[in-house]
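Q: I would like to go through a model feature by feature. Please give the general idea each time and then the case at hand.

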Amino acid sequence: MENKNLSEKPVKISVKGLRKCFGELEVLKDMNVEVHEGEVVCLIGPSGSGKSTFLRCLNKLEEANGGEIIVDGNNITDKKININKVRENIGMVFQHFNLFSNLSILNNITLAPVELKLMSKDEAKKKAMELLKRVGLEDKANVFPRQLSGGQKQRCAIARSLAMSPDIMLFDEPTSALDPEMVGEVLDVMKALAKDGMTMIVVTHEMGFAREVADRIIFMDGGYIVEEGTPDEIFNHAKEERTISFLNKVL
Amino acid sequence: MVLLEVITSSFNTFMAALSETVKLAIVSLIAATILGVIFGLFTVSKVRILEWISKIYIGIIRGTPLLVQTFIIYYGLAQTLRPYGFQWKQIGGPFTAGAVALSLNAGAYMAEIVRGGIESVDIGQMEAARSLGLSYGKAMRKIVLPQAFFTMLPAIINQFIISLKDTSLISIIGIRELTQNGKILVANATARSMPIWLTVAIYYLVICTVLSKIAQIVERKVSHGK
């Protein structure tokens with residue numbers, strides 16, 4: 001990727017001392033991360049390392065047990081914050097797509113902007129059609145999610161998130177539930193987004209994608225950040241034993 | 001044949017009684033559906049106190065017979081509230097009391113149906129809606145409940161049929177619905193017990209069958225659109 005000089009850009013997400021427990025189990029132990037505007041960060045690591053939980057803390061789908069998460073200047077660990085307002089600006093794409101099965105593709109995309117009164121029905125529809133075109137699904141506007149393939153569903157889910165014009169996009173293993181031949185079409189959409197300057201945090205097992213698109217790779221294990229750096233630093237010159245052994249297994 | 005003669009001769013009184021039964025059922029089922037949605041939502045809410053209220057309500061209703069509930073509401077409540085000037089007469093008499101009892105009863109079962117329906121919807125649907133910035137209430141209304149409805153439909157219809165037949169128990173407080181009408185007719189013609197009660201049974205059978213048929217059609221239509 002071209003040099004974006006990211007450190008000069010404003011900080012979009014700042015996480016300090018984040019802790020998260022599920023009952024007795026501490027899945028995140030003192031996470032500290034800063035993400036700058038336009039940065040693409042890929043989270044990699046073995047399953048159970050806390051990557052997805054970390055991501056879900058960023059839009060408060062999981063509530064942090066300690067530490068501070070500041071998104072766009074809003075401290076979302078503060079009880080008084082209107083989390084719905086903050087979430088409007090953070091898109092999230094799920095492993096299992098989670099398209100609304102009772103709504104058509106078009107209505108999946110227009111629901112939130114219309115319900116939250118950000119757009120009129122007509123505006124939302126126009127925007128939805130543009131987005132569907134962008135992800136190559138303009139002919140699917142009036143079908144229901146169950147009629148789409150996995151790859152199409154995920155592209156639609158991305159379009160749904162983009163309809164809110166978020167500044168930040170979170171991707172939680174977006175290609176893990178896909179048949180291999182459909183992974184590429186979803187990654188292509190994500191690559192295009194990255195190129196457009198979207199701030200993205202991606203939990204992924206697609207090392208090729210991480211290497212090509214990420215500005216920074218964070219390797220997590222056991223609820224900690226073990227190592228982070230540019231794709232070159234992580235994939236070619238990893239320093240930590242655990243990073244090297246993980247990469248040996250997956251590459 | 002005696003049965004045919006009974007059916008024809010009692011036609012007018014049974015039509016009036018049938019209308020009472022159907023009125024009682026419709027009023028109660030509408031109220032029960034509203035109660036069911038409210039208390040079903042209470043049960044799945046993360047608010048402890050609402051969860052408790054709902055669990056206590058459902059527990060009491062499921063743990064006591066409808067007949068006893070009816071007595072408590074019609075006789076018990078009237079006696080307790082008499083010092084404050086309350087009488088069932090003022091608000092429609094036994095019919096209202098019966099409707100209240102039946103609504104509360106069916107409402108508890110409906111709440112359980114609604115809870116089950118909501119819990120059957122994949123949690124990812126709620127998460128996706130919330131992640132877009134929709135409030136819990138909006139996500140429930142626009143995404144979760146419509147999906148839960150399809151799952152709930154057979155159970156709701158089943159409850160409708162049960163409650164329709166339960167109106168029979170309400171006869172005890174003196175509403176002249178189908179069963180009460182049967183009792184009165186038998187009291188005046190004790191030798192005709194069998195044909196009269198068969199006639200009553202036929203009326204119930206007809207309305208329940210019609211209701212299940214309608215339900216089947218609705219269910220098919222709805223699942224088609226799904």
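**Reading the model**

Q: What is the relative accessible area of Arg242(A), and how is that value read?
A: Arg242(A) has a relative accessible area of 42% and is partly exposed. Buried means under 20% relative accessible area, exposed means over 50%, and partly exposed is what lies in between (1.4 Å probe, protein chains only). This is a predicted model, in which local features need pLDDT of at least 70 and side-chain atom pairs count only at pLDDT 80 or more, while totals for chains, interfaces and linings use all residues. Residues are numbered from 1 along each chain as its sequence is written, chains are lettered from A and ligands numbered from 1 in the order in which they are written, and side-chain values use heavy atoms, with hydrogens and water left out.

Q: With which residue does Arg242(A) form a salt bridge?
A: A salt bridge is a side-chain nitrogen of Lys or Arg within 4 Å of a carboxyl oxygen of Asp or Glu. Here the partner of Arg242(A) is Asp221(A), at 3.5 Å from N to O. Asp221(A) belongs to strand β9 of chain A and Arg242(A) to helix α9 (residues 241-250) of chain A, so the pair ties together parts that are 21 residues apart in sequence. Helices (H or I, at least four residues) and strands (E, at least two) are DSSP runs, numbered from the N terminus.

Q: Where does the salt bridge between Arg216(A) and Glu228(A) sit?
A: The side chains of Arg216(A) and Glu228(A) meet at 2.6 Å, N to O. The pair links distant parts of the chain, 12 residues apart: Arg216(A) is in strand β9 (residues 216-221) of chain A and Glu228(A) in strand β10 (residues 224-229) of chain A. Arg216(A) counts as buried at 13% relative accessibility, whereas Glu228(A) is partly exposed at 37%.

Q: How many salt bridges cross the interface of chain B and chain A?
A: Three are found across that interface. One of them joins Arg56(A) to Glu127(B), with the closest N and O atoms 2.6 Å apart. This pair runs from helix α1 (residues 51-57) of chain A to helix α6 of chain B. Both ends are buried: Arg56(A) has a relative accessible area of 14%, and Glu127(B) has 16%.

Q: How much area do chain B and chain A bury between them?
A: Buried area is the accessible area (1.4 Å probe) that two parts lose on being put together, summed over both. For chain B and chain A the value is about 1,800 Å², with 55% of it on carbon and sulfur atoms. Glu127(B), Ser131(B) and Leu132(B) supply 33% of the area that chain B buries against chain A, more than any other three residues.

Q: Which elements give two or more residues to the side of chain B that touches chain A?
A: Contact means heavy atoms within 4.5 Å. By that rule 18 residues of chain B and 23 residues of chain A take part. A polar contact is a pair of N or O atoms within 3.5 Å; within protein, one must be able to donate a hydrogen and the other to accept it, and residues adjacent in sequence count only if both atoms are side-chain atoms. Between the two chains there are 10 residue pairs in polar contact (both at pLDDT 80 or more). The elements asked about are α6 (123-131) and α7 (136-170) of chain B. α6(B) gives the most, with seven residues.

Q: What is the overall make-up of chain B?
A: Chain B has nine helices and zero strands. Of its 226 residues, 43% count as buried. The C-alpha atoms of chain B fill a box of roughly 70 × 50 × 25 Å, taken along the principal axes.

Q: What is the strand order in the open sheet of four strands in chain A?
A: Two strands pair if DSSP finds at least two bridges between them. The order is β2-β1-β4-β5, with antiparallel pairing. At the edges stand β2 (25-36) and β5 (74-75) of chain A, each with a single partner strand, so one side of each is left without a neighbour in the sheet. β1 (residues 11-22) and β4 (residues 66-71) of chain A pair over five bridges. Lys16(A) stands opposite Glu68(A) in β4(A).

Q: Is Met169(A) buried or exposed?
A: Met169(A) counts as buried, at 0% relative accessibility. Its place is in strand β7 (residues 168-172) of chain A. Leaving aside neighbours within four places in sequence, Met169(A) is in contact with residues including Gly91(A), Val93(A), Ile158(A), Leu193(A) and Met200(A).
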